[in-house]
Amino acid sequence: MPQASDLSAEDQALVARIQSGELIEDMADFTPRYRAVLQKTLEIAAQGEVTVLTWAYTAYATAPDLGAKIAISSSIQDEVGHAHQQGMLLERFGVSMQEKAFNEDPMRYISFPIMEFPVRSYIEFVVAQALLDRAGRYTTYDIELHCSFAPYRRALKKINFEEAFHFRHGAYWTEYYWNYSEETRQAVQDAVDWIFPWGYQWYGRPDHLKSMTDQMTFSIRAWSNDTMRDKWLQSACKFADRVGFDTPTQFNEDQDRYVLNKDYPVPMVANTETHAWDWQTSTWDDMINSWKTGGPMRPSAYERLQREEWGEALW
Ligand SMILES: [Fe+2]
Ligand SMILES: [Fe+2]
């Protein structure tokens with residue numbers, strides 16, 4: 001990875017403009033290096049939105065009533081829109097979003113493995129919305145607030161509004177099921193135990209194991225992995241305390257913030273056969289490698305998406 005110190009004169013001039021508070025509107029102002037990092041960011045983001053579709057589709061079968069089916073369908077539609085919005089920006093770089101979604105090798109799809117584990121119950125779906133749409137939104141909210149390419153900021157306004165809606169929807173129904181019966185309360189806690197580590201690991205390697213990236217140098221984003229992870233942790237734990245479910249954290253009065261329990265084994269790797277965590281600390285390298293092999297629905301979920309077999313079983 002090139003370091004910030006290797007910047008060419010034209011890159012330095014662009015960084016100086018950005019640091020003075022200017023936003024870049026015109027692609028003619030890009031340097032090749034700026035263009036490359038922005039394009040890569042968009043590719044990952046747009047493909048990530050697509051992977052939510054097949055995952056949410058598995059939740060659809062678990063929905064207890066028509067209202068829940070409508071909620072899932074709406075969130076699928078939102079995610080299609082997110083892929084589309086970012087895909088349209090990507091097309092300005094000469095990349096075909098059609099290609100990226102429908103012709104990409106399913107083993108090369110950029111995703112989070114949790115999107116490749118089928119959703120087992122509606123309670124798991126709403127808990128995942130409450131915790132993971134919350135996690136995803138910090139990534140895109142950072143770009144909306146800080147990205148030096150103005151069209152990307154604007155595209156993310158609607159996307160982030162909808163992501164906030166998803167996690168609030170999940171939060172509302174998580175609280176509902178927590179208070180509904182003993183059985184649903186236990187199901188919420190079980191879902192939290194499964195989903196929480198995905199949220200914690202969402203942002204990848206901690207800062208001390210990562211070099212300064214071009215995303216930060218060119219202000220494509222401003223929050224580091226550790227910053228985003230902490231924002232997520234504080235927000236998710238406040239929500240947990242309000243509702244009453246357990247998280248593997250405690251509130252540290254001196255630091256005035258939630259901290260992970262010392263013996264909580266992250267990073268961890270999920271077992272694709274048992275659909276469970278092994279509850280054993282692994283290395284960050286092992287965890288990142290497990291993202292590449294993915295979950296049990298890889299590659300079938302993307303093959304299905306690419307064949308566009310959406311209608312038959314949906315209704
Ligand atoms: Fe999204
Ligand atoms: Fe979402």
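In the predicted model, the buried residues of α11 pack against α2. The residues of α11 that are buried are A301, Y302 and L305, and, viewed down the axis of the helix, these fall within an arc of 90 degrees, so that they line one face of α11. An α-helix has 3.6 residues a turn, so residues three or four places apart point the same way. On the face of α11 that is turned away from the buried side, the exposed residues S300 and R307 are found, and just after the helix E308 adopts a positive phi of about 55 degrees.

When neighbours within four places in sequence are left aside, I123 is in contact with Y177, T184, A187, V188 and A191. In soluble globular proteins, nonpolar side chains tend to be buried together.

At the level of the whole fold, the protein chain has 11 helices and four strands. Its radius of gyration is 20 Å, close to the 20 Å given by the globule rule for 315 residues, so the chain is as compact as a globular protein of that length. The C-alpha trace spans about 65 × 55 × 35 Å along its principal axes, and buried residues account for 38% of the 315 residues in the chain. Of the contacts between residues at least 6 apart in sequence, 71% join residues at least 24 apart.

Terms used:
Residues numbered from 1 in each chain as written. Chains lettered and ligands numbered in written order. Predicted model: local features only at pLDDT ≥ 70, side-chain atom pairs only at ≥ 80, totals over all residues. Contact = placed C-beta atoms within 7 Å. Buried ≥ 20, exposed ≤ 12 C-beta atoms within 10 Å, placed from the backbone. Helix = DSSP H or I, 4+ residues; strand = E, 2+ residues; numbered from the N terminus. Arc of directions from axis to C-beta. Rg over C-alpha atoms; globule rule 2.2 N^0.38 Å.
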